[in-house]
Amino acid sequence: LLAIDIETYNEVMQIDMDKNPILMIAFYGKDDNGKILKKILTYKKFKTKDLDVEHLNDEKELLERAAEIIDQFDPDMLSTYFGDGFDLPYIKKRAEKLGVPFEIGKDHSTIQLPRNKQQARVVGIPHLDIFKFIRYIFGTSWRLDSYSLNNVATELLGEKKHDVDLNNLASDWNNNHNLETYAAYNLQDAKLTFENRSYATENYQD
């Protein structure tokens, strides 16, 4: 299983996949031998002691490296939190804009977004949007104010997202300020997505 989470540039807190670049992509996964993969990709250089951070030169290299990581890890399943509506369509759009093939499907195809379906698809690698799964499986029995990643992680795992104000991300990115904190936030989101998936699907099967 490999979980993915992205952070994007956004000055006015409106989604604009055509205009606003991806700033960071985090991966959290476990292979067949139980080895954990933790990785944050970004292209703004900042000092950090975190060996999980990998600095690229620009967004194009970021996407190329992300596709390479997925290909090398060879997951049996990809997991996101609202990835059908945000992460995977965003990656697809930015890859197309920058001329990155992003051929992560088993047939070397890119991310597919079938018409009339709010569902991202990767050929040969099932994609599970944990947001949809949790709402469908637990929505009738839970009484949550929202199905945000933070609320669900608190309910299922007793864990929380890192406390970061994303309203400041664009400004901090421009000023190269506090970016290690955002990288840790990005990785924590990927980790919670991974752990929520594991917990929810195991308990659903039981």
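Author: Asp 129 is buried but has no salt bridge. Buried means a relative accessible area under 20%, exposed means over 50%, and partly exposed lies in between, with a 1.4 Å probe and protein chains only. A salt bridge requires a side-chain nitrogen of Lys or Arg within 4 Å of a carboxyl oxygen of Asp or Glu. The nearest side chain of opposite charge to Asp 129 is Lys 132, at 5.0 Å. In this count Lys and Arg are positive and Asp and Glu negative, while His and the chain ends are left out.

This is a predicted model, in which local features need pLDDT of at least 70 and side-chain atom pairs count only at pLDDT 80 or more, whereas totals for chains, interfaces and linings use all residues. Residues are numbered from 1 along each chain as its sequence is written, and side-chain values use heavy atoms, without hydrogens and water.

Asp 129 belongs to strand β6, residues 127-129. Strands (E, at least two residues) and helices (H or I, at least four) are DSSP runs, numbered from the N terminus. A polar atom of the Asp 129 side chain lies 3.2 Å from the backbone nitrogen of Gly 83. Leaving out residues up to four places away in sequence, Asp 129 touches Thr 80, Tyr 81, Phe 82, Gly 83, Asp 84 and Gly 85. Contact here means heavy atoms within 4.5 Å.

Two of these neighbours, Tyr 81 and Phe 82, form a cluster of ring pairs with Phe 131. Rings of Phe, Tyr and Trp (its six-membered ring) pair if their centres lie within 6.5 Å; planes under 30 degrees apart count as stacked, over 60 as edge-to-face, and the rest as tilted. The structure has 5 aromatic pairs by this rule. Tyr 81 and Phe 131 have ring centres 5.8 Å apart and planes at 70°, so they are edge-to-face. Tyr 81 sits in the loop between β5 (78-80) and α2 (83-98), and Phe 131 in helix α3 (residues 130-138), so the pair ties together parts 50 residues apart in sequence. Tyr 81 and Phe 131 are both buried. Phe 82 and Phe 131 also form an edge-to-face pair, because their ring centres are 5.4 Å apart and their planes are at 80°. This pair again links distant parts of the chain, with Phe 82 in the loop between β5 and α2 and Phe 131 in helix α3, 49 residues apart. Phe 131 has 17% relative accessibility, so it counts as buried, whereas Phe 82, at 39%, is partly exposed.

Now the nonpolar interior. In soluble globular proteins, nonpolar side chains tend to be buried together. A nonpolar core is a set of buried Ala, Val, Leu, Ile, Met, Phe, Trp, Tyr and Cys residues joined through side-chain atoms within 4.5 Å. The largest such core has 60 residues, and Ile 25, Phe 27, Ile 91 and Phe 102 have the most contacts inside it. Among the elements that supply at least two residues each are α2 and α3. Helix α6 (179-205) gives the most, with 8 residues. Beyond its neighbours within four places in sequence, Phe 102 is in contact with residues including Leu 63, Ile 70, Ile 91 and Ile 111.

Side chains of opposite charge can pair when their charged atoms come close. The whole structure contains 13 salt bridges. One of them joins Lys 161 and Asp 189, 2.8 Å from N to O. Asp 189 has a relative accessible area of 4%, so it is buried, while Lys 161, at 22%, is partly exposed. Another bridge joins Lys 60 and Glu 64, whose closest N and O atoms are 2.6 Å apart. These two are 4 residues apart in helix α1, so about one helical turn separates them. Both are partly exposed, Lys 60 at 34% and Glu 64 at 33%.

Conventions: A polar contact is a pair of N or O atoms within 3.5 Å; within protein, one must be able to donate a hydrogen and the other to accept it, and residues adjacent in sequence count only if both atoms are side-chain atoms.
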